[in-house]
Amino acid sequence: MPTAQQLIADNVARVRDEIGAAARAAGRDPGEIKLVAVSKYVDADTAALLVQAGCRSLGEARPQQLWEKAEASSLAGVEWHLIGRLQRNKIRRTLPLVSLIHSVDSKRLLAALDEEAAAANLTPQLLLEVNCSGDTAKQGFAPEEVRRLLPTLANYSRLSIAGMMTMAALDGDEATAQANFASLRQLRDELAPNAPPNVTLTELSMGMSGDFPAAIAEGATIVRIGSSLFDGVL
C-alpha cells in the first residue's frame, strides 16, 4: 500500500499536469500559474509532505492555524498565503508571516492593514476579494463596490494591492463557474489602466479543486488546490 508521502507526491504531480494541460488548452504558459497548496485540512506533519513533493506555497484559511504551522521546523521556508477571512485583531501577528493575503473584503480591513503595516514598517501584498457570483453566503466586495473603491486605494500607501480573488457560486455548474471567473478577469481588465501606483492588479486568484481548469481558461494566475492533493490520504 502506498505511503501518505507517495500518495501526496503522486497527487501533486497529477494536479501540476492538469494545470499544465489547462494552460496549454487556453494558449497560456503553465509557468504563469502558481499552485497554492491548501493545507488547512491537515496538521503540520502532513503539510510537510506537500513541501517534500515540491509545493513551497501553502494556503491557510484561519490565521491561528497559519501561526501554528509557521512555527513548525518541518515547514521552514514556506511561502504562506492567507486565503480565509482575516479579523482585524489578528492582523499584527499575521502580517510578518504571510507572502500574500487573498481575502481583503472591506474598507475597514484595508484601513487596519495599512495602519499596522506602517507601524511594522512592512509593505504587505494583498488581493481584493470580489463576490462575482452574487452569492449572499460569500464574503467580498461587489464588483460595483470595487469600481468605486479603486481611486481611493492610493490612500493606503503601505499596501501593495496585487490583484483580486473570487470563488465560483456554490451551487453552480462548470459554465457558471467559468462565467464567474470571466467576470473577475473583465473587471480587472476594466480597472487596471486607471489603477493607482500601489495597485497592479496582475494577480487573479481563482479556481479550486473542482473548477481550476475553468479558472485557468479565464486567466487565473493563482489556483488554490486542497482536497485533490489529499486523495487517498484523508
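1. In α1, the residues I8, N11, V12, V15, I19, G20, A22 and A23 are buried (buried meaning under 20% relative accessible area with a 1.4 Å probe, protein chains only). These buried residues pack against β1 (34-38), α2 (44-52), α8 (212-217) and β8 (222-225), a contact being heavy atoms within 4.5 Å.

2. The model is a predicted one, in which local features need pLDDT of at least 70 and side-chain atom pairs count only at pLDDT 80 or more, while totals for chains, interfaces and linings use all residues. Residues are numbered from 1 along each chain as its sequence is written, and side-chain values use heavy atoms, with hydrogens and water left out.

3. Helix α1 covers residues 4-25, 22 residues in total, and spans 31 Å between its first and last C-alpha, close to the 32 Å expected at 1.5 Å a residue (the expected span being 1.5 Å times one less than the number of residues). Just after α1, G27 has a positive phi of about 75 degrees.

4. Eight helices and eight strands make up the secondary structure of the chain; these are DSSP runs, with helices (H or I) of at least four residues and strands (E) of at least two, numbered from the N terminus.

5. Of the chain's 234 residues, 51% count as buried. Among contacts with a separation of 6 or more, 60% come from residues 24 or more positions apart.

6. The C-alpha trace spans about 55 × 40 × 30 Å along its principal axes.

Key. Buried means under 20% relative accessible area, exposed over 50%, partly exposed in between (1.4 Å probe, protein chains only).
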